Amino acid sequence: MEKVIIEKTYEEFNNYIKEGLEKIKNPLPFLIVDTYDKEGVKMIKYIDLQVCPSSYSCALKELLSSDSGRTEDTTYNKMKLGEYVELSVSYRAMGSNDLSIVLNNFSDEYVTICYFDPKKNAYLVDEFYLGETSVPLYNGALGFWDGFSLTLSQRKANTDFEEVKKDDNGEVPSEEV
C-alpha cells in the first residue's frame with residue numbers, strides 16, 4: 001500500500017490543523033516527509049494516514065542522571081539531564097488495509113512528526129522513534145485486528161530547562177513560609 005503524500009504551504013497546513021479535530025481526517029499526529037522553499041513560499045509535504053486515532057496523549061518525560069535517587073537521610077536528589085516528549089496514539093479495531101497504512105508509515109527508524117503539545121498549546125515538529133508495538137489478531141478470516149497503540153519517543157531530549165538553584169553545599173535551599 002502506498003503512502004498518501006499531501007503537499008501544502010505552511011500557511012495552508014497551519015490553517016488545516018487549526019480547523020479543529022472534528023473537521024480533519026487525521027488529527028494527530030502528522031508524519032512530515034519534507035519541508036522546503038518553493039519560490040519564496042515555505043512548503044510542507046506530509047502523510048495523511050487516512051486512519052483517525054481513537055486516543056492521543058502527550059507526556060513530558062524526564063531524563064535523570066544515574067546519580068539521582070534517595071540518600072541515607074531519605075532525601076531525594078533529582079538530577080535532571082533533560083526532558084523529552086512521549087506520544088501515545090491508540091487505534092480501535094481495524095481491518096488489515098488500514099493497519100498496513102499505519103504500520104508502514106511508522107516503519108522508518110526515525111519519523112518526523114507534527115504533534116500537538118498541550119504544555120505549549122501549539123503544534124510542533126520534531127523527530128521521534130517508535131518503540132516496540134504488537135497488534136493482536138481479532139479475526140483472521142476477516143482480516144480484522146484488535147485495537148493497538150503506538151508509543152513514539154522524541155529522539156533528542158531538550159536540555160534547555162530551568163535548573164533548580166543550589167547553595168554552596170549543593171543543597172536546594174528550603175523556602176521560608
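**Stop one: the cores**

Start with Tyr91, Phe106, Ile113 and Phe128: these have the most contacts inside the largest nonpolar core, which has 16 residues. A nonpolar core here is a set of buried Ala, Val, Leu, Ile, Met, Phe, Trp, Tyr and Cys residues joined through side-chain atoms within 4.5 Å; buried means under 20% relative accessible area, with a 1.4 Å probe and protein chains only. Now colour β7 (80-91), α2 (96-105), β9 (111-117) and β13 (148-154), each of which supplies at least two residues of this core. β7 gives the most, with four. Helices (H or I, at least four residues) and strands (E, at least two) are DSSP runs, numbered from the N terminus. Another core, of five residues, lies apart from it; pick out Phe13, Ile44, Tyr46 and Cys114 among them.

This is a predicted model: local features need pLDDT of at least 70, side-chain atom pairs count only at pLDDT 80 or more, and totals for chains, interfaces and linings use all residues. Residues are numbered from 1 along each chain as its sequence is written, and side-chain values use heavy atoms, leaving out hydrogens and water.

**Stop two: methionine 94**

Select methionine 94, in strand β8 (residues 94-95). Is it buried or exposed? Methionine 94 is buried, at 5% relative accessible area. Show its contacts (heavy atoms within 4.5 Å): beyond four places away in sequence, methionine 94 touches Val51, Leu99, Gly143, Phe144, Trp145 and Phe148.

**Stop three: the sheet**

Next, show the open three-stranded sheet, ordered β8-β12-β11 with antiparallel pairing. Strands pair if DSSP finds at least two bridges between them. β8 and β11 (137-139) are the edges, each with a single partner strand, so one side of each has no neighbour in the sheet. Finish on tryptophan 145, the bridge partner of methionine 94 in β12.

Notes
Buried < 20%, exposed > 50% of the residue type's maximum accessible area, 1.4 Å probe, protein only.
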